[in-house]
Amino acid sequence: MPHRHRHTRAAGAAVAATAALLVAGLSGSASAGAASAGSAPTAAETLRTDAAPPALLTAMQRDLGLDRQQAERRLVNEAEAGATAGRLRAALGGDFAGAWLRGAESGTLTVATTDADDVAAIEAAGAAATVVRHSLADLDAAKSRLDRAAAGRDTTDAPVRYVDVRTNTVTVRAVRPAAARALLDAAGVDAGLARVEKTSEKPRPLYDLRGGEAYYINNSGRCSIGFPITKGTQQGYATAGHCGRTGASTSGANRVAQGTFQGSTFPGRDMAWVATNSSWTATPYVSGAGGQNVQVTGSTQAPVGASVCRSGSTTGWHCGTVQQHNTSVTYPEGTISGVTRTTVCAEPGDSGGSYISGSQAQGVTSGGSGDCRSGGTTYFQPINPLLQNYGLTLKTTGDNGGPEEPPPGGTWAAGTVYQPGATVTYGGATYRCLQGHQAQQGWEPPNVPALWQRA
């Protein structure tokens, strides 16, 4: 059909410039992210993979079985692959069925499509192609129907639901498979779209009342700071909603009065923010092993299969991989949706703590199962929806605190959270967002082809 031909040509054109970039990014050289003088920055440069501190690289080596060079190459590859996946998502439109990484160094990016005519364009971009039955839009729609059906039911025996792009299904993890099947029937989700996995997993929020480090809520419960933020001139930090209700007071690990919860959502989501008093200053860092500063340079979402590391006040630094985005999980207190499922371990007291991929903030610890001795599964509340919900700005090392340069006209604005597919104007041109992120000075659309594509 004519539409099919137009789509194929558009896909080919959109990825023409992507092929060289991805091949360089996945070539196994940690220097592949270096751009020549005067050229546009690579994705690895934009996302500052070079800002990964020794403590984070050491944790990746320990938890992912890598050596130092492999850890460095993996971060470069993940940055480049995320940009390529974003371009292909824009090019394939409704055919797009997800993307994921595999390999010790994240050396292989796979992109799924519902149309075999897209395979040539995907492979031209340096990615592996797979043709599947269901588009990502169809799977997301089925997941939404499941969430609506679950709202009026007890889902503790089917506590986890997510879109699994690697199996092209909506997956329900259940203690009792019959409970999962009943939920699928209630949602009217076709059996061909769904997969049921039996599990003993019983996720719970990861707070405790035993005291310890990080911050205390009402001089009692303990959680971990997520990411320092600002809201206008007010400083504070993002954390998990289950850690405290709006109005609850906090004190630091040193028991010095710290701040007050200004907003808190749980269940439904697991997000909150605390406004701190003048004794506390927001910095663009996460506390790493041995007290080292881990730089935060942005909040670009890492793709499925990417490495991710967590900092928490109970167990410190641990790493793993992103398993699924847009997951729903039922805790004893209720169901939360839109969280990311990972292989990183965590324990009580780690709640609210930081998830970071390279130098890109990912989210705050929500809950999980297992522990850091035997391993486990954890979920984090993504940072970008949290920032957007409360109108917060992530503190990054690129923030010099000076006045913003006036933009050359257009709708793009620093501090705004943009999702893939969003369009803005800047300097008289229109741009399409490739990867979810919070905009910041220096990330204007023409400057960061890893995040924006001229429409």
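The model is predicted: local features need pLDDT of at least 70, side-chain atom pairs count only at pLDDT 80 or more, and totals for chains, interfaces and linings use all residues. Residues are numbered from 1 along each chain as its sequence is written, and side-chain values use heavy atoms, with hydrogens and water left out.

I start with helix α4, residues 68–92. Helices here are DSSP runs of H or I with at least four residues, strands are runs of E with at least two, and both are numbered from the N terminus. From first C-alpha to last, the 25 residues of α4 reach 36 Å, close to the 36 Å expected at 1.5 Å a residue; the expected span is 1.5 Å times one less than the number of residues. Of those 25 residues, 20 are buried, meaning under 20% relative accessible area with a 1.4 Å probe, protein chains only; exposed is over 50% and partly exposed is in between. At the N-terminal end, D67 caps α4, with a side-chain oxygen 3.2 Å from the backbone nitrogen of Q69. After α4 comes G93, with a positive phi near 60 degrees.

Next, the sheet. Eight strands form an open, antiparallel sheet in the order β9-β8-β12-β13-β14-β11-β10-β23; two strands pair if DSSP finds at least two bridges between them. At the edges are β9 (221–223) and β23 (393–394), each pairing on one side only. Between β10 (227–231) and β11 (234–239) there are five bridges, and I229 has G236 as its partner in β11.

Which residue of β9 is worth a stop? R222 lies in that strand. R222 counts as buried because its relative accessibility is 6%. Its side chain makes polar contacts with the side chains of S313, at 2.8 Å, and T314, at 3.1 Å. A polar contact is a pair of N or O atoms within 3.5 Å; within protein, one must be able to donate a hydrogen and the other to accept it, and residues adjacent in sequence count only if both atoms are side-chain atoms.

Last, the cores. A nonpolar core is a set of buried Ala, Val, Leu, Ile, Met, Phe, Trp, Tyr and Cys residues joined through side-chain atoms within 4.5 Å. The largest has 39 residues, and L109, V111, L146 and V189 have the most contacts inside it. Helix α4 returns here, among the elements that each supply at least two residues. The largest share, six residues, comes from α6. Another core, of 30 residues, lies apart from it and includes W317 and L387.
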